[in-house]
Amino acid sequence: MLRGVLRALDLGKTYRAPSGDVVALADFEHTFSEGAITAVVGPSGSGKSTLLNLLAGFDVPTTGGVWLDDLAVHQRSEAERASVRLRRFGFVFQSFNLVTVLTARQNVELPLGLAGAGPGERRRRADDLLRRFGLGQRADHLPHRLSGGERQRVALARALANDPDVVFADEPTGSLDSVTGREVVAALHNVAAEGRTVVLVTHDEALSSIADVRLRLSDGRLAATDHVPARRAAGGGREATRDDAEDLAPAAGPR
Ligand SMILES: Nc1ncnc2c1ncn2[C@@H]1O[C@H](COP(=O)(O)OP(=O)(O)OP(=O)(O)O)[C@@H](O)[C@H]1O
Ligand SMILES: [Mg+2]
């Protein structure tokens, strides 16, 4: 399945501060692989969040730009960038960011409603996604009635609601123990196997080792790009189909 290709060219961000300018990112260039997990790693202050904010259009660069196919994300208005995020990007955060007063199903339905889906379609799609992540029996649970790993799988289901091209995961296992973290990693592989681009930001070396490509930032610059061939052979390739992904789905199921 063809998806949008995310590309950054000469990307840079300088923050103007009273104490002087801070070059948070400079000369960053990369084309993110479809159907693969790309980890962005680097020490605190190296520019990871800055890069994610620029790629996802939360912020605009000082130099260069971000393209999703031929769409120049950085040149769109704030409202247009919000629409790109709603329809073409999905997000998973360390703290899950679920709406606490909404059930698992309602959380997944939320972006569908914002994108204009009717009630029947919202419910069908939300239930399909929850089932896919092994949460069919948890659809009516409020977030506080779910384990951490379950919450993160609801967040993943929500991230996929509008069938995004790119999923951004910011320290998605940061609040989880290692076993639960592995479930989330399996689910991320599953997401990539559908041909989506997964951008994983983490300072956790063990987590970054599951990626197909690893980008190392140092002082706002891309210091190294490592391709991990074994992972691609293990099923992350762009030729993977939705059916393959569904075959893998039990890997993300309940323990
Ligand atoms: N709004 C801002 N104004 C001024 N400087 C900023 C701003 N945001 C970030 N910076 C600076 O830009 C640099 C990169 O910050 P960034 O948040 O991207 O790092 P990071 O790699 O995400 O770090 P961490 O692992 O701690 O989250 C740092 O030196 C930071 O102090
Ligand atoms: Mg950060």
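Tutor: Strand β3 (residues 36–41) is joined by four bridges to strand β9 (residues 213–218), and the two run parallel; strands are DSSP runs of E of at least two residues, helices runs of H or I of at least four, both numbered from the N terminus, and two strands pair if DSSP finds at least two bridges between them. This is a predicted model, in which local features need pLDDT of at least 70 and side-chain atom pairs count only at pLDDT 80 or more, while totals for chains, interfaces and linings use all residues. Residues are numbered from 1 along each chain as its sequence is written, with chains lettered from A and ligands numbered from 1 in the order in which they are written.

Student: Which residue of β9 is the bridge partner of Val41?
Tutor: That is Arg216.

Student: And what order do the strands of the open sheet have?
Tutor: The six strands run β6-β7-β8-β3-β9-β10, with mixed pairing, and the edge strands, each pairing on one side only, are β6 (89–93) and β10 (221–227).

Student: Switching to the ligand, how many residues surround ligand 1?
Tutor: There are 13, the closest being Tyr15, Ala24, Ser44, Ser49 and Thr50, where a residue counts as near if its C-beta atom, placed from the backbone, lies within 6 Å of the molecule.

Student: Which element gives the most to that shell?
Tutor: Helix α1 does, with three residues, and β2 (22–31) also supplies at least two.

Student: How do the shell residues divide into nonpolar, polar and charged?
Tutor: Four are nonpolar, eight polar and one charged, where Ala, Val, Leu, Ile, Met, Phe, Trp, Tyr, Cys and Pro count as nonpolar, Asp, Glu, Lys and Arg as charged, and the others, Gly among them, as polar.
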